[in-house]
Amino acid sequence: MASAFPDALMGADRPVIMELKPRSANGEDLFRGRSPAEIVARYEAVGAPCLSVVTGRWFGGDADLLAEVVTCTGLPVLQKDFITKEGQLRAARDLGASAVLLTAALLPRAALARLAERALALGLTPFIEVASPAEVEALPSGEGCVVAVNNRDIRNRERGDADLDRSHRLLPSVRLTGTPCPVSASGIDDARAAAGLLSAGYAGLLVGTHLLRAGHLESWCEELDQLRRTTPAPRPGG
Ligand SMILES: O=P(O)(O)OC[C@@H](O)[C@@H](O)c1c[nH]c2ccccc12
């Protein structure tokens, strides 16, 4: 079902896509001896609505990691890789992914539109990542897609600092694409900043490094819940 991933996220009490990424872009070991199954169990224990699995080799991932995660969870899974060909979409579907990353910075406009359309036809949700106003403007319709603002830059392999203001600045134009599910991704660690993004109107957040490093995942989640109870809700449509 093409909408399993966004439906799970938008229906969640705590809309955080929790990521499995073996290494940071700087080479830090993020699994630290834990198996993918242990990390999945940890995420499920705090009620993750859906997961992201990085299969890109810059981050130490591969297709086996995705296959393994899919066998140990029933949650919808996003495959994060640098997809440029239709064959990679079929492979993602065959491995059991529910959503696939399409990176606007890497794909010419027509190719992005074609891959998004093909993904939807295969029952996969396109998770389209953008990082600038020009990329948002060039997007095909966001209908049926997640549109995610990446707070880091893929052009420098995500090694630079994250700019969460980018998510705040781009939200109005992301909404104009027609996506039902705007997401802010990368570099989110502080629970207060996370609550601020949700209160601004993001339907979900994608967090990897911080959750993988966190000694107390539960306390981060509880802090986020607490802050959300005390931060104003977004204005309808605003
Ligand atoms: O670990 P972080 O800073 O919370 O970021 C997660 C995710 O957004 C990041 O891993 C990512 C963003 N774009 C990607 C493209 C491929 C692989 C991974 C990514």
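This is a predicted model: local features need pLDDT of at least 70, side-chain atom pairs count only at pLDDT 80 or more; totals for chains, interfaces and linings use all residues.
**Exercise 1. Work out how well strand β7 is covered, and on which sides.**

Solution. Start with the count: five of the five residues in β7 are buried, which makes the strand mostly covered. Next, take the sides one at a time. In a regular strand, side chains alternate between the two faces of the sheet. One face of β7 carries Cys181, Val183 and Ala185, the other Pro182 and Ser184, and all of them are buried. That leaves both faces of β7 covered.

**Exercise 2. Find the strands that pair with β7, and say which way they run.**

Solution. Look at β6 to begin with. Strand β6 (residues 146-150) is joined to β7 (residues 181-185) by five bridges, and the two run parallel. Finally, zoom out: eight strands close into a barrel with parallel pairing, in the order β1-β2-β3-β4-β5-β6-β7-β8. From one strand to the next, the twist averages 25 degrees.

**Exercise 3. Decide how α7 and α8 are oriented, and list what touches what.**

Solution. Take the geometry of helix α7 (residues 164-176) and helix α8 (residues 191-200): their axes come within 11 Å and cross at roughly 5 degrees. Angles under 35 degrees count as roughly parallel, so α7 and α8 are roughly parallel to each other. On the α7 side, the contact uses Leu164, Ser167, His168 and Leu171; on the α8 side, Ala193, Leu197 and Ala200. Sort them by class and you get five nonpolar residues, two polar ones and no charged ones.

**Exercise 4. Arg32 and Ser186 both have a positive phi. Is each one buried or exposed?**

Solution. First, some background: most residues other than glycine have a negative phi. Arg32 isn't a glycine, yet its phi is about 45 degrees. Then place them: Arg32 is in the loop between β1 (16-20) and α2 (36-45), while Ser186 is in the loop between β7 and α8. Last, count neighbours. Arg32 has 10 C-beta neighbours inside 10 Å, so it counts as exposed. Ser186 has 25 other C-beta atoms within 10 Å, so it is buried.

Terms used: Residues are numbered from 1 along each chain as its sequence is written. Axes are lines fitted to C-alpha atoms, for helices over the stretch in contact, and angles run from 0 to 180 degrees between N-to-C directions. Helices (H or I, at least four residues) and strands (E, at least two) are DSSP runs, numbered from the N terminus. Angles under 35 degrees count as roughly parallel, over 145 as roughly antiparallel, 65 to 115 as roughly perpendicular and the rest as oblique. Two residues are in contact if their C-beta atoms, placed from the backbone, lie within 7 Å. Ala, Val, Leu, Ile, Met, Phe, Trp, Tyr, Cys and Pro count as nonpolar, Asp, Glu, Lys and Arg as charged, and the others, Gly among them, as polar. Two strands pair if DSSP finds at least two bridges between them. A residue is buried if 20 or more other C-beta atoms lie within 10 Å of its own, exposed if 12 or fewer, and partly exposed in between; C-beta atoms are placed from the backbone.
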